[in-house]
Amino acid sequence: MAALAKLVRTSTFRLAAGYLVLFAVSVGAILGYVYWNTAVLLERQINDTIEAEVTGLAEQYNEGGIDRLLRTVRDRSAKADDSLYLIANFSGRGLAGNMGGVPREVSGVSGWAEFPYSIRTADGVEPHRARAYHTNLQGGFKLIVGRDIEERLRFTSLIRQTLFWALGLTLALGLAGGFAISRNFLKRIDSIGETSRHIMGGDLSERMPISGTGDELDRLATSLNEMLDQIERLMTGLKEVTDNVAHDLRTPLTRLRARVEDALRANSKPVYRAALEQTLGEADNLLRTFSALLNIARTESGEARSSFSLIDVAEVAGDIAELYEPEIEEAGGQLEVAVASGAMVRADRQLLAHAITNLLDNTLKYAAAHSEDASSLSVRLTVSLSGGDVLVEVSDNGPGIPEAERKRVIERFVRLDSSRSEPGSGLGLSLVNAVAKLHGGALELGDNAPGLTVRLKLRAANED
């Protein structure tokens, strides 16, 4: 009973029941209209036939008197199948016709009447009903003309029974269908609920079941599964970040603590000063690392979308190139800039500038440091339009990144062995990747043969 009550309370069953009631009322109205029209039509046909006969017999009486009327009625009575005739005198005695006498339902001067009568068959006497019209003729005679309506009554009764059975079957089948649909719907909802409880229990690998029908529940389950995929990725990323922070920050903190202990043991002001300066440098590096982590977190959360505006990427890239050109030249290299006009995107200006800055900073930091000849370093910054995208590319002729490592270096705190001697936290490309995703774009790393090409792809926007 509890399962049945639960089934009845489902929105699907209530919807099916409401639709069933509406459908049953519609079917009942249609069948009732058919029944009413059929009954009225049959009755009208019988009435028209009787009235026509009454009119004809009255004319026979007016033209030939009672004798002619009697002959006509006797002839028709002898040939009658379901027709009834009677001519009676003023006392009610029958003079001609196939009726035994005047029915007691026939009263008044003229009019319609229905009455029971009996007929003889091979099986005996059967009760029937008749509908007749009676009128008084001159001379005190009464004329009754009728029809057997037993078949009509049976036919209309059959239609009535069909109507009731149709409504009953409609309700029964509708309820059965409502129960079946609700049971299937409830089963799928229970399956989704069970999966949700497993997920809330900590099993993030669980996914909502999909039946494959492509209905609204499948579309909902697909959306929920995509959301769960994203949550699982974020949780995995959070775990990795926590592990990486614990691992990467342990070394500088241990080094900082050891330096302070050494300074305390030395008991010398110059040593104190040097230790404080080095500690200050380590603290700045730690603050920069935490600042980068916060920037990545804010970017991935989408907070910056509220400050989006129409930005000319070429203008932003040009301003940043002016700042980095002297540094690259000081390192012995040269910076080539090629920007296309009309490269407009909807973006956060500060984040976009930070991303381009990180790309040039990485090039200056790693490509120049690991090139055999720093004076031959060539860096190219380009902004171009490609279809519906704006491409920001930074290319260099440095050692590049092996293809197998290109996806990995985008992750947080990932630094290649060849770069661990350089200052940094391994968060630069992670921030650029987060900025790209925030703006509906992508970050791609490719081979510049020799060197590395980093492409920041952003969705172009129209100025209107």
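Just after helix α3, Gly202 takes a positive phi of about 115 degrees. Helices (H or I, at least four residues) and strands (E, at least two) are DSSP runs, numbered from the N terminus. The model is predicted, so that local features need pLDDT of at least 70 and side-chain atom pairs count only at pLDDT 80 or more, while totals for chains, interfaces and linings use all residues. Residues are numbered from 1 along each chain as its sequence is written, and side-chain values use heavy atoms, with hydrogens and water left out.

The secondary structure of the chain comes to eight helices and twelve strands. Of the 464 residues in the chain, 36% are buried, where buried means under 20% relative accessible area, exposed over 50% and partly exposed in between (1.4 Å probe, protein chains only). Among contacts (heavy atoms within 4.5 Å) between residues at least 6 apart in sequence, 61% join residues at least 24 apart.

Helix α3 covers residues 150-200. The expected span of a helix is 1.5 Å times one less than its number of residues. For the 51 residues of α3 this should give 75 Å, and the end C-alpha atoms are 73 Å apart, which agrees.

Two strands pair if DSSP finds at least two bridges between them. Strand β1 (residues 83-88) and strand β5 (residues 141-148) run antiparallel and are joined by six bridges; Ser83 stands opposite Arg147 in β5.

One aromatic pair is counted under the rule that rings of Phe, Tyr and Trp (its six-membered ring) pair if their centres lie within 6.5 Å, with planes under 30 degrees apart counted as stacked, over 60 as edge-to-face and the rest as tilted. The pair consists of Trp112 and Tyr133 and is edge-to-face, at 5.1 Å centre to centre and 65 degrees between the planes. Trp112 lies in strand β3 (residues 110-121) and Tyr133 in strand β4 (residues 124-137), 21 residues apart. Trp112 is partly exposed, with a relative accessible area of 30%, and Tyr133 is partly exposed at 21%.

A further open sheet of five strands has the order β7-β9-β10-β12-β11, with mixed pairing. Its edge strands are β7 (334-339) and β11, each pairing on one side only. Neighbouring strands of this sheet are turned by 15 degrees against each other on average, direction ignored. Eight bridges hold β9 and β10 in an antiparallel pair, and Thr382 stands opposite Glu393 in β10. Strands β10 and β12 are also antiparallel, over seven bridges, and the bridge partner of Glu393 in β12 is Arg455. Strands β11 and β12 run antiparallel with six bridges between them, and Asp447 stands opposite Leu452 in β12. The two strands β11 and β12 form a hairpin with four residues between them, and Ala449 in the turn has a positive phi of about 45 degrees.

Helix α6 lies across β7, β9 and β10 and runs at about 170 degrees to β7. Helix α8 lies across β11 and β12, at about 130 degrees to β11. Nine of the eleven residues of α8 (residues 428-438) are buried, including Leu429, Val432 and Ala436. Just after α8, Gly440 takes a positive phi of about 70 degrees.

A nonpolar core is a set of buried Ala, Val, Leu, Ile, Met, Phe, Trp, Tyr and Cys residues joined through side-chain atoms within 4.5 Å. In the largest such core, of 41 residues, Val313, Val345, Leu352, Leu360, Leu381, Leu445 and Leu456 touch the most other members. The elements that each supply at least two residues of this core are α6 (313-330), β8 (344-347), α7 (349-367), β9 (378-386), β10 (389-396), α8, β11 (442-447) and β12 (452-459). Leaving aside neighbours within four places in sequence, Leu456 is in contact with Leu352, Ala355, Val390, Leu391, Val392, Val432, Ala436 and Ala442. Apart from this core lies another, of 16 residues, among them Val54, Tyr61, Leu70 and Leu137.

How values were computed
Axes fitted to C-alpha atoms, helices over the stretch in contact; angles between N-to-C directions.
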